[in-house]
Amino acid sequence: MQEAEHLDLSDDADYAASQQQGSASMMRCDSGKRSSSSEPEGAQIVYLKDNVTIHPTQFASERISGRLKLIKQGSSLFMTWIPYKGQSTNARLSEKDRNLYTIRAVPFADVKSIRRHTPAIGWQYIIVVLSFGLAYPPLYFYNGGVREFLATVKQHVLLVRSAEDSNVFLVNDFQNPLQRTLSSLELPRAVSAVSVPSTPVSVGESTSNQNEERIDVSASVPQYNGRQRQKGHDPARDISIQVLEKFSLVTKFARETTSQLFRETHNNGFGPLERRNSNQSTLDYSHKPSDYDEDVPIQRPVEPDPLELDKLSLVWGKPRQPPLGLEEWTSFLDSEGRVVDPKSLRKRIFYGGVEHKFRKEVWALLLGYHTYESTYAEREYQKSIKKTEYETIKNQWQSISREQAKRFAKFRERKGLIEKDVVRTDRSISFYDGDDNPNVNLLHDILLTYSFYNFDLGYCQGMSDLLSPILFVMEDESESFWCFVALMERLGPNFNRDQNGMHSQLFALSKLVELLDSPLHNYFKQNDCLNYFFCFRWILIQFKRELEYEKTMRLWEVLWTHHLSEHLHLYVCVAILKRHRRKVMGEQMDFDTLLKFINELSGQIDLDATLRDAEALCILAGENGAACIPPGTPPSLPVEDGSFYSQQDDDAL
């Protein structure tokens with residue numbers, strides 16, 4: 001019997017209400033299906049379910065319930081999820097915040113996979129993954145209905161069970177010559193494409209579960225360069241990192257191909273990218289081809305930055321200092337090696353970082369592998385104890401025989417993923433360069449050992465990106481492992497299957513931008529960019545793909561000081577966005593264009609200036625900024641032990 005996902009129902013008002021509303025929701029579901037005959041010609045509601053709920057945070061009071069529908073129009077199937085109005089009793093989530101999660105008419109031509117979770121205890125839920133890697137938040141079915149949902153989808157689109165994971169269902173799993181071409185280039189997780197015509201749907205409906213719903217359907221198949229749009233599909237594994245893998249490929253393709261791919265990706269994760277027409281009583285989501293081409297964009301007047309970032313940074317952002325050197329480092333230690341003033345040390349590192357030759361000692365302290373109060377002798381003793389413990393864990397997978405491995409699918413799956421990832425991690429760095437590089441083997445062994453140490457979380461793509469600089473600095477297998485363990489205690493939720501860790505950070509980022517640059521926030525709102533998925537890669541692996549290797553290490557040690565805030569990385573995001581606000585707003589970038597622009601900032605970010613800006617923004621935001629960030633948001637430690645690691649396998653249908 002597999003371990004179930006544990007959910008505390010003792011104080012869950014949403015759950016209690018859902019039980020009372022169960023029979024009523026089923027009646028509404030039936031009536032909704034029957035009412036489809038009264039909709040505009042060609043539109044039919046083929047599935048309707050009430051009390052389908054999103055959990056933005058781990059707190060029951062902040063859950064958002066709504067109505068899930070599948071709509072058939074012609075040969076295309078669409079999914080919508082609309083939150084109920086006025087249901088929340090929690091002041092942290094405004095109606096505007098709740099509407100961020102609305103899913104409006106996403107065509108299944110844009111869906112890559114559906115992951116099903118059916119725990120023995122708690123609610124069933126699904127995760128819908130789009131063709132370009134982004135995933136919607138988990139949809140919890142308080143009254144059941146996952147089986148019916150999947151059965152309905154299967155009636156209208158090609159739905160096949162993944163050979164890698166029986167709980168993943170692939171949608172329209174085709175491949176064409178483009179995928180084979182990209183694969184031949186050995187580009188990891190290359191964007192594949194299939195020719196699937198999409199019929200955008202315009203949906204205007206009441207968000208109350210008591211009112212009638214209105215559906216306005218207009219069918220069109222957009223043409224780009226005389227060709228139908230193509231949709232990407234890829235095996236449904238490791239939702240979080242899929243998006244950064246695809247982002248990282250953008251600059252490697254010819255501009256024409258890149259333009260084509262980004263035109264095709266017209267969903268931003270919470271609905272299509274078309275703008276609202278304020279003169280219409282309903283929301284018009286009919287797709288219109290963008291004018292994205294090689295021409296110089298037309299600059300439009302931009303509402304000024306209310307904070308005047310340059311002046312703000314001069315006042316609040318202190319100049320950066322040289323890295324911490326030997327003489328200064330020893331001044332922080334007593335004769336036995338204890339750190340005399342940890343707070344002052346962290347502050348000094350915050351403003352200048354550390355010279356590389358001392359990083360090994362300092363990182364072990366910043367990450368918590370050693371305590372600031374430990375002596376030289378105590379640290380050496382701990383290394384010995386931890387090395388023995390590491391070897392014990394490592395032996396667990398080393399002792400698995402070939403016959404055992406044949407019967408251990410999870411082990412084979414994780415081992416295969418790790419083997420694929422480590423051979424393409426930072427190979428341009430001399431430390432990892434060349435064939436049969438022993439450091440690449442160490443990456444493999446540490447990651448596989450971690451998957452046994454934290455079996456619930458296991459391994460996800462992107463973890464190798466986080467481990468690589470640690471091994472580079474520590475140059476020791478056991479010490480690198482334990483430093484990585486300490487880092488993953490804080491960043492592990494970034495890789496959770498339900499993506500709650502990522503969604504909580506993106507939600508906090510949206511609130512910080514609203515606080516610190518309301519015109520920019522309003523621009524994102526008008527252009528359906530409020531989910532901030534264009535910052536996904538920044539947050540997921542802490543800007544590692546955006547900076548040179550040395551600057552990445554400098555940024556990480558600054559972030560790990562937790563000076564001013566545990567969430568300085570979010571202020572770094574705000575600082576970068578504010579630095580480029582004039583271009584973004586002046587060129588009227590939509591989500592697709594913004595996504596490409598953000599990706600192309602890689603290697604062009606001035607780290608010192610950005611940190612100074614982030615410091616100024618953090619100081620200015622003060623308590624109001626801290627209030628924008630829900631408790632337990634990574635890299636804060638989880639509010640409750642284990643609350644972020646519900647990665648257990650699900651029972652079969």
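Q: Which residues are linked with Arg359 in a network of salt bridges?
A: Glu550, Arg554 and Glu557 join Arg359 in that network. Here is the general idea: side chains of opposite charge can pair when their charged atoms come close. Please keep in mind that this is a predicted model.

Q: How many salt bridges does a search of the whole structure find?
A: The search finds 29 salt bridges. Let us look at a few of them. The side chains of Lys596 and Glu600 form one, with 2.5 Å between the closest N and O atoms. Another joins Arg407 to Glu403, at 3.3 Å from N to O.

Q: Are Arg407 and Lys596 buried or exposed?
A: Buried means under 20% relative accessible area, and exposed means over 50%. Arg407 has 64%, so this residue is exposed. Lys596 has a relative accessible area of 5%, so Lys596 is buried. Their partners fall in between: Glu403 is partly exposed at 42%, and Glu600 is partly exposed at 30%.

Q: Which residue forms a salt bridge with Arg545?
A: That is Asp465, and the closest N and O atoms of the two are 2.9 Å apart. This pair links distant parts of the chain, since Arg545 sits in the loop between α19 and α20 while Asp465 belongs to helix α15 (residues 463-474), 80 residues apart. Arg545 is partly exposed, with a relative accessible area of 24%, whereas Asp465 is buried at 5%.

Q: Where is Lys544, and what does Lys544 touch?
A: Lys544 is placed in the loop between α19 (536-540) and α20 (549-560). With 6% relative accessibility, Lys544 counts as buried. Leaving aside residues up to four places away in sequence, Lys544 touches Asp426, Asp465, Ser468, Pro469, Tyr549, Thr552 and Trp556.

Q: Now for the sheet. What is the order of the strands in the open sheet of nine strands?
A: Strands of a sheet pair through backbone hydrogen bonds, either parallel or antiparallel. In this structure the order is β4-β3-β2-β1-β7-β6-β5-β9-β8, and the pairing is antiparallel. At the edges stand β4 (103-107) and β8 (159-161); each has a single partner strand, so one side of each is left without a neighbour in the sheet. From one strand to the next, the twist averages 30°.

Q: Which strands pair with β5?
A: Strand β5 (residues 111-117) pairs with β6 (residues 124-130) in the antiparallel sense, over six bridges. β5 also pairs with β9 (residues 168-171), again antiparallel, over three bridges. As for burial, seven of the seven residues of β5 are buried.

Q: How many aromatic pairs does the structure hold?
A: There are 29 aromatic pairs. Take Tyr390 and Phe481: their ring centres are 4.8 Å apart and their planes are at 50°, so the pair is tilted. The two residues come from distant parts of the chain, Tyr390 from helix α11 (residues 376-398) and Phe481 from helix α16 (residues 477-491), 91 residues apart. Both of them are buried. Phe524 and Phe534 also form a tilted pair, with 5.2 Å from centre to centre and 50° between the planes. Phe524 is in helix α18 (residues 518-526) and Phe534 in the loop between α18 and α19, so this pair ties together parts ten residues apart in sequence.

Q: Which residues form one aromatic cluster with Tyr390?
A: The cluster holds Tyr450, Tyr453, Phe481, Trp482 and Phe484 along with Tyr390. Charged residues can be read against rings too: Arg414 lies over the face of Phe455, 4.4 Å from the ring centre, and Arg320 lies over the face of Phe350, at 5.7 Å.

Q: Which residues of α18 are buried, and what covers them?
A: The buried residues of α18 are Pro519, Leu520, His521, Tyr523 and Phe524. Their cover includes α17 (500-516), α21 (568-579), α22 (581-586) and α23 (591-599). After α18 comes Asp528, with a positive phi near 55°.

Definitions and conventions. Residues are numbered from 1 along each chain as its sequence is written. This is a predicted model: local features need pLDDT of at least 70, side-chain atom pairs count only at pLDDT 80 or more; totals for chains, interfaces and linings use all residues. Side-chain values use heavy atoms; hydrogens and water are left out. Two strands pair if DSSP finds at least two bridges between them. Helices (H or I, at least four residues) and strands (E, at least two) are DSSP runs, numbered from the N terminus. Axes are lines fitted to C-alpha atoms, for helices over the stretch in contact, and angles run from 0 to 180 degrees between N-to-C directions. Buried means under 20% relative accessible area, exposed over 50%, partly exposed in between (1.4 Å probe, protein chains only). Contact means heavy atoms within 4.5 Å. Rings of Phe, Tyr and Trp (its six-membered ring) pair if their centres lie within 6.5 Å; planes under 30 degrees apart count as stacked, over 60 as edge-to-face and the rest as tilted. A charge sits over a ring if NZ of Lys or CZ of Arg is within 6 Å of the ring centre and within 35 degrees of the ring normal. A salt bridge is a side-chain nitrogen of Lys or Arg within 4 Å of a carboxyl oxygen of Asp or Glu.
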